[in-house]
Amino acid sequence: MVVERFMQVTDNVDILSQSYRLPKLVFDLSQQIVKRIHTRFEKEFYPTAEEGVVQYHQTMDSVPIHEGSWTIMCRTNSFVREFAEILRESGYLYSMKGTPSIKTEVGRAIQTWRELQTGDMVSVDRIKKMYEVVPKQGDYKVVKRGAGNLLDAADPTGDLNMDDLYKHYGLECERTRDAMDVVRLGSDDKMYAQAIERRGESITEPPRIKVSTFHAMKGGEDDKCLVFLASTKACMESRYPDDEHRAFYVGVTRAQKELHILDTDKKYRYEL
């Protein structure tokens, strides 16, 4: 196996025995998984001084994802997509594989337009970024083609209002147009963005909820992590059961403060 060959590469091994991430309760659970891994280096390993939190959930409804920084982790990409759909239907902004469910530049363009509508002065830099996002031709045109070049002549440290944009910088659409229509959000995305805002969440900031496979999170961490116990037939019946244990070990050990375990009624599941 690859793992065995890797372990035999050298005898010069430096064991890092102190974790600076894992609180005690998360560490204890991780060690239950480690004991199932047959091919590994034996080592002493110690948690932080924090107690931490480990909670078990039967359904997603009881997981307190309404606040804080979260990573939801699954065994496969198909499960990741399922959670992405749940979050979307519930009106949560999230990122998957590093891509926000509402692009950050789109959210910021929406905010810029709203500020302009109220008569605020907005920086030239922010207006340039809004111009990059909005349509420049067709029935939903917001600015003239090449309008971004006009802004290059403006004082880069200055501020402009909507009247300035109409007079000198190629703005053409009516000032009353809804900000989500200005950036040309489709009807489904518009309803989704409105649901996010009804929750009191911002669409202008990076998402506080991430969805990932265990493997994609290797080396990563988050304050609060949710591990979904569902697996697949191929994973559970693999000739190399250590692979499954290692995958869930990675998931469990990403939590810096709170670890949440979500059970499943799917046929194939990992036993914790």
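In this predicted model, the axes of helix H2 (residues 24-34) and helix H11 (residues 241-252) come within 9 Å of each other and cross at roughly 175°. Because angles over 145 degrees count as roughly antiparallel, H2 is roughly antiparallel to H11. On the H2 side the meeting residues are Val-26, Leu-29, Ser-30, Ile-33 and Val-34, and their partners in H11 are His-245, Phe-248, Tyr-249 and Val-252.

Elsewhere in the chain, helix H4 (residues 104-117) holds Thr-112, which counts as buried because its relative accessibility is 2%. Leaving aside neighbours within four places in sequence, Thr-112 is in contact with Val-122, Arg-126 and Met-130, and with Arg-126 its side chain also forms a polar contact of 3.2 Å.

Charged side chains pair up as well, and the count of salt bridges comes to 17. One of them joins Asp-152 and Lys-128, with N and O 3.2 Å apart; this pair links distant parts of the chain, since Asp-152 is in the loop between helix H6 (147-151) and strand E6 (159-160), whereas Lys-128, 24 residues away, is in helix H5 (residues 124-133). Lys-128 is partly exposed, at a relative accessible area of 27%.

In another salt bridge, the closest N and O atoms of Glu-174 and Arg-177 are 3.3 Å apart; here Glu-174 is partly exposed at 42% relative accessible area, while Arg-177, at 12%, is buried. A further salt bridge brings together the side chains of Glu-271 and Arg-269 at 2.8 Å, N to O, and a network of salt bridges links Asp-178, Asp-181 and Lys-190.

Terms used: Residues are numbered from 1 along each chain as its sequence is written. This is a predicted model: local features need pLDDT of at least 70, side-chain atom pairs count only at pLDDT 80 or more; totals for chains, interfaces and linings use all residues. Side-chain values use heavy atoms; hydrogens and water are left out. Axes are lines fitted to C-alpha atoms, for helices over the stretch in contact, and angles run from 0 to 180 degrees between N-to-C directions. Helices (H or I, at least four residues) and strands (E, at least two) are DSSP runs, numbered from the N terminus. Angles under 35 degrees count as roughly parallel, over 145 as roughly antiparallel, 65 to 115 as roughly perpendicular and the rest as oblique. Contact means heavy atoms within 4.5 Å. Buried means under 20% relative accessible area, exposed over 50%, partly exposed in between (1.4 Å probe, protein chains only). A polar contact is a pair of N or O atoms within 3.5 Å; within protein, one must be able to donate a hydrogen and the other to accept it, and residues adjacent in sequence count only if both atoms are side-chain atoms. A salt bridge is a side-chain nitrogen of Lys or Arg within 4 Å of a carboxyl oxygen of Asp or Glu.
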